[in-house]
Amino acid sequence: MAVPKVAAINDLSGLGKCSLTAAIPILSVCGVQAVPMPTAVLSNQTAFESYTGIDLSMDMPMIAAEWKKRKVSFDGIYTGYLSGVSQVEWVEQFMQEFANPQTKIFVDPVLGDEGVYYRGFGDEMCQAMKKLCGKADVITPNLTEVLFLLGKKADLKAESQNLEEIRNYAKQLSQLGPKTVIITGVSQGEKIWNIGYSAKEDSFFEVSTQKTGEGYSGTGDILTSVICGCMIKGESPQKALKKAAAFLQASIKEAVEDKTDPNEGVAFEHHLSLLFD
């Protein structure tokens, strides 16, 4: 049986376990071949005090053209960090060229966190990302990104205390087009919630874990990578989310015990066996 292929469109950061350095090993352990399309190459992820990098917007079409020559087909397309509106629009074209009716599309709509946009992003990027979400089967925004996509003020102090309202947000986001919406990393008291909504079943599903330590780089990438890998292998969104949350909790626990710098990310390598069936 052929190994499923996923086009993983994301940045490649040298330091900090995030983006492609998280997606490639996790997808592999799930039994899926990651075919990386780097959107940028960075010395380290951008939460560090400084970084250097190269934007690959000019190179991505040439890479795609070579794939086209080889008649590559993908079981999944998974997008993460995109550097700007032009990359988002190009990814839409990529999806039109490479996706077939069986291709599952996963969009992590990277826009911001903790109530603010990431540097260089704003309303124009949000509108482009909203359109891209409409092409997806599954989207995995954090709460800040949810509020931006819905055109709401990112007041996390108020919103993060109301899970029922957040469930409503998930259902509203499904109206953009995705079949499944999973809102990730919602903090409430001593717990972290991940809240999903299935448009097909008109039902909610959610998983909570114990809050441990401070925020770590790449946790959203890790969660989405597990969800992508599991669903490409045929697991339900509910089962995929449950497995992803358990995997992430174990990884964060180890990082806290080892006093790992949050910018370095979590030590997920020791817990990959949790992804085996």
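**Helices, a sheet and some cysteines: a short tour**

Let's start with two helices. Helix H3, residues 85-98, packs with helix H4, residues 123-133, at an angle of about 10°, and their axes are 9 Å apart. That makes H3 roughly parallel to H4; the label covers angles under 35 degrees, while over 145 is roughly antiparallel, 65 to 115 roughly perpendicular and the rest oblique. Axes here are lines fitted to C-alpha atoms, for helices over the stretch in contact, and angles run from 0 to 180 degrees between N-to-C directions. Helices (H or I, at least four residues) and strands (E, at least two) are DSSP runs, numbered from the N terminus.

A word on the source. This is a predicted model: local features need pLDDT of at least 70, side-chain atom pairs count only at pLDDT 80 or more, and totals for chains, interfaces and linings use all residues. Residues are numbered from 1 along each chain as its sequence is written, and side-chain values use heavy atoms, with hydrogens and water left out.

Which residues of H3 and H4 meet? From H3 come Val 85, Val 88, Val 91, Glu 92 and Met 95. They meet Glu 124, Met 125, Ala 128, Met 129, Lys 131 and Leu 132 in H4. Contact means heavy atoms within 4.5 Å. These residues divide into eight nonpolar, no polar and three charged. Ala, Val, Leu, Ile, Met, Phe, Trp, Tyr, Cys and Pro count as nonpolar, Asp, Glu, Lys and Arg as charged, and the others, Gly among them, as polar.

Now the sheet. Nine strands form an open sheet, in the order E3-E2-E1-E4-E5-E8-E9-E10-E11, with mixed pairing. Two strands pair if DSSP finds at least two bridges between them. Strands E3 (53-55) and E11 (203-210) stand at the edges, each with a single partner strand, so one side of each has no neighbour in the sheet.

E2, residues 33-44, runs antiparallel to E3, and three bridges join them. Ala 40 has Asp 55 in E3 as its bridge partner. Helix H2, residues 60-69, packs on the sheet and touches E1 (5-15) and E2. The direction of H2 makes about 165° with that of E2.

Next, strand E9. E8 (residues 138-139) and E9 (residues 180-188) run parallel, joined by two bridges. Ile 139 stands opposite Val 181 in E9. On to E10, residues 191-198: E9 and E10 pair in the antiparallel sense over seven bridges. They form a hairpin with two residues between them, and Gly 189 in the turn has a positive phi of about 60°.

Look at Thr 180, in E9. Is Thr 180 buried or exposed? Thr 180 counts as buried, at 6% relative accessibility. Buried means under 20% relative accessible area, exposed over 50%, partly exposed in between (1.4 Å probe, protein chains only). Thr 180 stands opposite Ser 198 in E10. Leaving out residues up to four places away in sequence, Thr 180 touches residues including Asp 137, Tyr 197, Phe 205 and Pro 237.

Last, the cysteines. How many disulfides are there? The count comes to zero. A disulfide here is a pair of cysteine sulfur atoms within 2.5 Å. For Cys 30, the nearest cysteine sulfur is that of Cys 230, 4.4 Å away. Cys 30 is buried, with a relative accessible area of 9%. The sulfur of Cys 228 is 8.3 Å from the closest cysteine sulfur, in Cys 30, too far for a bond. Cys 228 is buried too, at 0%.
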